[in-house]
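Reader: I would like to go through this model with you, one topic at a time. Could you put it up first?

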Amino acid sequence: MKLVRHGEIGDEKPGLIDRDGELRDLSGVLRDLCGPALAPAALDRLRLIDPETLPMLPPETRLGPCVGGTRNFIAVGLNYADHAEETGAPIPSEPIIFNKAPSCLSGPNDPVILPKGSAKTDWEVELAVVIGTRASYVHANEALNYVAGICVCNDLSEREYQFDRGGTWTKGKGCPTFGPLGPWLVTLDEVPDLKRLNLWLDVNGERMQSGSTGTMIFDVPQIVAYLSHFMMLEPGDVITTGTPPGVGLGRKPPRYLQSGDVVTLGIDGLGEQRQEVVAFDDWTAKVAAGEPTN
């Protein structure tokens, strides 16, 4: 299944994509795509629904983050061998873990707001995992049983905050709009091989990132199992699993996002995102004027 959340910011409702690619409303069946609705039995019940019995929604309907109720937004750093190489960093012996603020989650096509005073906002296309069942001390060979599905994430990063301001990477990772998620939450039965997914990202139509999950240092089961030994993973938690080479930081000279840029990105079978980049002051002026912001 390809599951979505649609509607205004803060008032998203559940939906799905039918076999013809049309958006259907699930709000008559469940309240939201979160918590118990992500458990295997709940997903099995959704599979029994004939999508043609569900209301069709207009194609211009806004899509929100494809999961609700997220308590933990966890990220893995330097998890692609070729990305580690471009940064000059050694291959990690264990996953590098940091947090993104759940408040930074946004829809796949919502604007990206440059933080106030930012000069080094960067892009990172990533495969994200959504937990469906509480997981604690699980083994890698059973870890996928705890996963509701996967999706596209843009792990936006402010590099000055991340590297030059001291402390942890979290400072540069959790700014508002720094976690576009979706468009779809894709259940694992629709994914033939998690280790053979192509990822890409363009800025203003120019290809910046192109990679494959085949170069991951730690794969999805390993990551889920590893994290479950350090924290309780809850339904709706999001784990974004690292980025392939081609980030702005790694270019010579480095290149970062500017107001007016358009970022597009996607992963095989998981859909695409599109974000327009907006300066903080321009965004606040639009809000003050009551203009549409998505």
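This is a predicted model: local features need pLDDT of at least 70, side-chain atom pairs count only at pLDDT 80 or more; totals for chains, interfaces and linings use all residues.

Reader: Which strand pairs with β2 over three bridges?

Author: That is strand β3, residues 23-25, and the pairing is antiparallel. Here Leu-16 stands opposite Arg-24 of β3. The hairpin of β2 and β3 has five residues between the strands, with Gly-21 at a positive phi near 85°.

Reader: Is β2 largely enclosed or open to the outside?

Author: Strand β2, residues 13-17, is largely enclosed by the rest of the structure, because four of its five residues are buried.

Reader: What about the cores? Which residues have the most contacts inside the largest nonpolar one?

Author: They are Leu-3, Leu-181, Val-224 and Ile-239, in a core of 68 residues. There is also a second, separate core of five residues, among them Val-4, Leu-23, Leu-57 and Leu-63.

Reader: Now the aromatic residues. How many aromatic pairs does the structure hold?

Author: It holds three aromatic pairs. One of them is formed by Phe-163 and Trp-169, which are edge-to-face, at 5.8 Å centre to centre with 80° between the planes.

Reader: Why is that pair called edge-to-face?

Author: The planes are 80° apart, and an angle over 60 degrees counts as edge-to-face.

Reader: How accessible are Phe-163 and Trp-169?

Author: Phe-163 is partly exposed at a relative accessible area of 40%, and Trp-169 is partly exposed as well, at 23%. Together with Phe-98, these residues form one aromatic cluster.

Reader: Turning to charges, how many salt bridges does a search of the whole structure find?

Author: The search finds 23 salt bridges. One of them joins Glu-12 and Arg-62, whose closest N and O atoms are 3.0 Å apart. Glu-12 lies in the loop between β1 and β2, and Arg-62 in the loop between α1 (40-47) and β4 (73-77), so the pair ties together parts that are 50 residues apart in sequence.

Reader: Are Glu-12 and Arg-62 buried or exposed?

Author: Glu-12 counts as buried, with 11% relative accessibility, and Arg-62 is buried at 15%.

Reader: Which residue forms a salt bridge with Arg-19?

Author: It is Glu-52, with the closest N and O atoms 3.8 Å apart. Arg-19 is in the loop between β2 and β3 and Glu-52 in the loop between α1 and β4, so this pair ties together parts that are 33 residues apart in sequence. Both Arg-19 and Glu-52 are exposed.

Reader: And where do Lys-195 and Asp-219 lie?

Author: Their side chains meet in a salt bridge at 3.4 Å, N to O. Lys-195 lies in the loop between β13 (185-186) and β14 (198-203), and Asp-219 in the loop between β15 and α4 (220-228), so parts that are 24 residues apart in sequence are tied together. Asp-219 counts as buried, at 16% relative accessibility.

Reader: Which residues do salt bridges with shared partners join into one network?

Author: That network consists of Lys-100, Asp-122, Glu-124, Asp-155, Arg-159 and Lys-173.

Reader: Lastly, where is Ser-93?

Author: Ser-93 is in the loop between α2 (81-87) and β5 (96-100), and this residue is exposed, with a relative accessible area of 70%. From Ser-93 to Thr-284 there are 191 residues in sequence and 43 Å in space, C-alpha to C-alpha.

How values were computed:
Residues are numbered from 1 along each chain as its sequence is written. Side-chain values use heavy atoms; hydrogens and water are left out. Buried means under 20% relative accessible area, exposed over 50%, partly exposed in between (1.4 Å probe, protein chains only). Helices (H or I, at least four residues) and strands (E, at least two) are DSSP runs, numbered from the N terminus. Two strands pair if DSSP finds at least two bridges between them. Rings of Phe, Tyr and Trp (its six-membered ring) pair if their centres lie within 6.5 Å; planes under 30 degrees apart count as stacked, over 60 as edge-to-face and the rest as tilted. A nonpolar core is a set of buried Ala, Val, Leu, Ile, Met, Phe, Trp, Tyr and Cys residues joined through side-chain atoms within 4.5 Å. A salt bridge is a side-chain nitrogen of Lys or Arg within 4 Å of a carboxyl oxygen of Asp or Glu.
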